[in-house]
Amino acid sequence: MLYAVISQDVDNSLPLRKTAREAHLQRLQQLKQQGRLIVAGPHPAIDNIEPGDAGFTGSLIVAEFSNLQTAEDWAASDPYIEAGVYKSVVVKPFNMVLP
């Protein structure tokens, strides 16, 4: 089943994101290589694909996991958690209707 991992950043998270970005992306690449990643990306803090110093306010990941607990455990071990980037993370079942 698909699950949405919806995170909200702490204020001024950009320096923290930079410290853990490589490890965060490596985990996402693993999901992609396994054919389980549907979409992943950050929410820019301003209306611009390249927000520069404004940074980001959170992230969205939609991926396949065997169950909710597995998805929650995966989300809880994100390098951004350890780096203090996220102030909250919600994992919800996701039913993809389109495309």
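Reader: What is the bridge partner of S7 in β3?
Author: S7 is partnered by S59 of β3. Strands here are DSSP runs of E with at least two residues, and helices are runs of H or I with at least four, numbered from the N terminus. The model is predicted, so local features need pLDDT of at least 70 and side-chain atom pairs pLDDT 80 or more, whereas totals for chains, interfaces and linings use all residues. Residues are numbered from 1 along each chain, and side-chain values use heavy atoms, without hydrogens or water.

Reader: And which residue of β3 is the bridge partner of L2?
Author: For L2, the partner in β3 is E64.

Reader: How many bridges join β1 to β3?
Author: Seven bridges link β1, residues 2–9, with β3, residues 56–64. The two strands run antiparallel. Two strands count as paired if DSSP finds at least two bridges between them.

Reader: Over how many bridges do β2 and β3 pair?
Author: β2 and β3 pair over seven bridges, in the antiparallel sense. Within this region, V39 stands opposite V62 of β3.

Reader: What is the order of the strands in the sheet, then?
Author: The sheet is open and has four strands, in the order β2-β3-β1-β4. Their pairing is antiparallel.

Reader: Which are the edge strands?
Author: They are β2, at residues 37–44, and β4, at residues 86–94. Each of these pairs on one side only.

Reader: By how much are neighbouring strands turned against each other?
Author: On average the turn is 10°, with direction ignored. Such angles, from 0 to 180 degrees, are taken between N-to-C directions of lines fitted to C-alpha atoms, for helices over the stretch in contact.

Reader: Turning to the helices, which strands does α1 lie across?
Author: Helix α1, residues 14–33, lies across β1, β2, β3 and β4. α1 runs at about 10° to β3. Contact here means heavy atoms within 4.5 Å.

Reader: What about α2, which strands does that helix lie across?
Author: Helix α2, residues 68–76, lies across β1, β3 and β4. Its angle to β4 is about 155°.

Reader: A new topic: what is the phi of N12?
Author: N12 has a positive phi of about 55°, although N12 is not a glycine. In general, most residues other than glycine have a negative phi. N12 sits in the loop between β1 and α1.

Reader: Is the peptide bond from L98 to P99 cis or trans?
Author: That bond, from L98 to P99, is cis, with omega near 0°. Most peptide bonds are trans. P99 belongs to the segment after β4.
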